[in-house]
Amino acid sequence: MDIETRAEQPYAAVRATVTLETFAKIAHRFPEVMQWLADRELPITGAPFFRYLRVSGDEFEVEAGIPTIAEVPGEGEVFTATLPAGQYAVAVHEGSPDGLAAVTDELLAHTVRFDRDGDRWGARLETYFTDPAVEPDSSKWTTEVAIRLAG
């Protein structure tokens, strides 16, 4: 685990409440967000990510987000927001997304205070650095798990 200090990061996103079985409902919406940004000539400034807002048992309130340069008025189901600045506990995972739960559990096991209130999280992220269209072998994918610390 590393601790990184991060600046605020504007992003565009869509949101859904999903389970592991219905996660594709949100995961397949990245192209919609990318098109929304392209239609407004807003540049993409980083890799796509999932932001977990609420984790309650098998149910997740999650955003599919794409970093951009500024918050602008949303339209339809696409909105803009800003990831908060602060210190983040960070771990990088090489391989299939099936291993992300274990990486997240390892981060959560550290004796640091996370930015959370019960099942709600200030900023709990999975950032996907590998495009499956370019690298179809999921054993070669790189994903970062980052969770904002309290304070």
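# Salt bridges and buried strands in a predicted protein chain

A count of the salt bridges in this protein chain comes to 11. The secondary structure comprises 3 helices and 10 strands, and 45% of the 151 residues are buried.

**The chain as a whole**

- Read along the sequence, the elements of the protein chain follow the pattern β-β-α-α-β-β-β-β-α-β-β-β-β.
- The radius of gyration of the protein chain is 15 Å, which agrees with the value near 15 Å that a compact globule of 151 residues would have.
- Along its principal axes, the C-alpha trace of the protein chain spans about 45 × 35 × 25 Å.

**Charges and salt bridges**

- The protein chain carries 13 positive and 26 negative side chains, and the centres of these two sets lie 6 Å apart.
- Side chains of opposite charge can pair when their charged atoms come close.
- What is the distance, N to O, in the salt bridge between glutamate 61 and arginine 15? In this pair of side chains it is 3.9 Å.
- Glutamate 61 is buried, with a relative accessible area of 13%, whereas arginine 15 is partly exposed at 41% relative accessibility.
- Arginine 29 takes part in a salt bridge with glutamate 32, at 2.8 Å from N to O, and also in a salt bridge with glutamate 77, where the closest N and O atoms are 3.0 Å apart.
- Glutamate 77 lies in the loop between S4 and strand S5 (79-83), while arginine 29 lies in the loop between helix H1 (24-27) and helix H2 (30-39), so the pair ties together parts that are 48 residues apart in sequence.

- Valine 62 lies in strand S4, and it is buried, with a relative accessible area of 0%.
- Not counting residues up to four places away in sequence, valine 62 touches Val14, Arg15, Ala16, Val18, Phe23, Ile26, Phe50, Arg51 and Tyr52.
- The C-alpha atoms of valine 62 and glycine 122 are separated by 12 Å, although these residues are 60 residues apart along the chain.
- Alanine 64 is also found in strand S4, and at 0% relative accessibility alanine 64 counts as buried.
- Leaving aside neighbours within four places in sequence, the residues in contact with alanine 64 are Ala12, Ala13, Val14, Ile26, Phe30, Val33, Phe49 and Phe50.
- Alanine 64 and threonine 127 are 63 residues apart in sequence, and their C-alpha atoms are 10.0 Å apart in space.

- Threonine 143 has its place in strand S10 (residues 142-148), where its 1% relative accessibility makes it count as buried.
- Which residues are in contact with threonine 143, leaving aside its neighbours within four places in sequence? They are Ala91, Val92, His93, Leu100, Glu126, Thr127 and Tyr128.

- Most residues other than glycine have a negative phi.
- Glutamate 41 has a phi near 55°, which is a positive value in a residue other than glycine.
- Glutamate 41 is found in the loop between H2 and strand S3 (49-56), and it is exposed, with a relative accessible area of 71%.

Technical notes: Residues are numbered from 1 along each chain as its sequence is written. This is a predicted model: local features need pLDDT of at least 70, side-chain atom pairs count only at pLDDT 80 or more; totals for chains, interfaces and linings use all residues. Side-chain values use heavy atoms; hydrogens and water are left out. Helices (H or I, at least four residues) and strands (E, at least two) are DSSP runs, numbered from the N terminus. The radius of gyration is taken over C-alpha atoms; the globule rule is 2.2 Å times the number of residues to the power 0.38. Buried means under 20% relative accessible area, exposed over 50%, partly exposed in between (1.4 Å probe, protein chains only). Lys and Arg count as positive and Asp and Glu as negative; His and the chain ends are not counted. The place of a charge is taken as NZ of Lys, CZ of Arg, CG of Asp or CD of Glu. A salt bridge is a side-chain nitrogen of Lys or Arg within 4 Å of a carboxyl oxygen of Asp or Glu. Contact means heavy atoms within 4.5 Å.
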